Amino acid sequence: MPLSKDYFSLFGLPVDYNVNRRELDAAFRALQQRYHPDRAAAGSDAQVREAVQQAAFINQAYTALKSPLARAQYLLELAGVDANYESQVTRDGLFLMEQIALRERMEELFEHPQPFDELEDLRSTVEVKFVECEESFTQAHAGEDFQRAVDAVAKLQFFAKLLDQIDELEQDLEDR
């Protein structure tokens, strides 16, 4: 297995943001079995090293393609686009205002009379925004509007982080 293959080709998938997770998971399991380092355990040191490298590459590719954010970033990388996603977000004033409002809602959560209801409402709002950014990325990438695609990825990055923080807040609320 050549380690120079792109992640999509490795799993026999089309180069596209929309990935069929069942196909990805099935291809991953098949490659894991075929290239598992234990299969080379009786081989030479070079064979064992190669098997470990192949397994690491397969794991890296799978991790990238199963994550919507990492997949979008990888697609931009394949297109030769190198971007600093953090700095891209700050150019959108409306998005900055939205970020501030969402952060304020998070900070006020513990004072809310129904914090779990408010948390679920916040999560729903962020998930909708995430999907909107995914759609924006898909359209921009397909149209080779890479600046818009980079902007969408920067926003995806923010919303992905916010969803992680919402999960942490939920745990904090449950622990109270």
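Which helices do the buried residues of H7 pack against? They pack against H4, H6 and H8. The model is predicted.

**Helix H7.** H7 runs over residues 115–142. At 1.5 Å a residue, its 28 residues should span 40 Å, and the end C-alpha atoms are 40 Å apart, so expectation and model agree. Buried residues of H7 include Leu119, Leu122, Val126, Phe130, Cys133 and Phe137. Just after H7, Glu144 takes a positive phi of about 55 degrees.

**The core.** The largest nonpolar core has 48 residues. Phe11, Leu65, Val126, Phe137, Phe159 and Leu162 have the most contacts inside it. Helices H1, H2, H3, H4, H6, H7 and H8 each supply at least two of its residues. H8 gives the largest share, 13 residues. Leu162 touches Leu102, Arg103, Met106 and Val126, leaving aside neighbours within four places in sequence.

**H3 against H4.** Two packed helices are described by the angle between their axes and the distance between the axes. H3 and H4 pack at about 105 degrees, with axes 5 Å apart. Angles of 65 to 115 degrees count as roughly perpendicular, and H3 and H4 are therefore roughly perpendicular to each other. The table lists the residues that meet.

| H3 | 45–66 | Ala64, Leu65, Lys66 |
| H4 | 68–78 | Pro68, Ala70, Arg71, Tyr74 |

By class, this contact has five nonpolar, no polar and two charged residues. Leu65 of H3 takes part in the contact, and Leu65 is also among the core residues with the most contacts.

Key
Residues are numbered from 1 along each chain as its sequence is written. This is a predicted model: local features need pLDDT of at least 70, side-chain atom pairs count only at pLDDT 80 or more; totals for chains, interfaces and linings use all residues. Side-chain values use heavy atoms; hydrogens and water are left out. A nonpolar core is a set of buried Ala, Val, Leu, Ile, Met, Phe, Trp, Tyr and Cys residues joined through side-chain atoms within 4.5 Å. Buried means under 20% relative accessible area, exposed over 50%, partly exposed in between (1.4 Å probe, protein chains only). Helices (H or I, at least four residues) and strands (E, at least two) are DSSP runs, numbered from the N terminus. Contact means heavy atoms within 4.5 Å. Axes are lines fitted to C-alpha atoms, for helices over the stretch in contact, and angles run from 0 to 180 degrees between N-to-C directions. Angles under 35 degrees count as roughly parallel, over 145 as roughly antiparallel, 65 to 115 as roughly perpendicular and the rest as oblique. Ala, Val, Leu, Ile, Met, Phe, Trp, Tyr, Cys and Pro count as nonpolar, Asp, Glu, Lys and Arg as charged, and the others, Gly among them, as polar. The expected span of a helix is 1.5 Å times one less than its number of residues.
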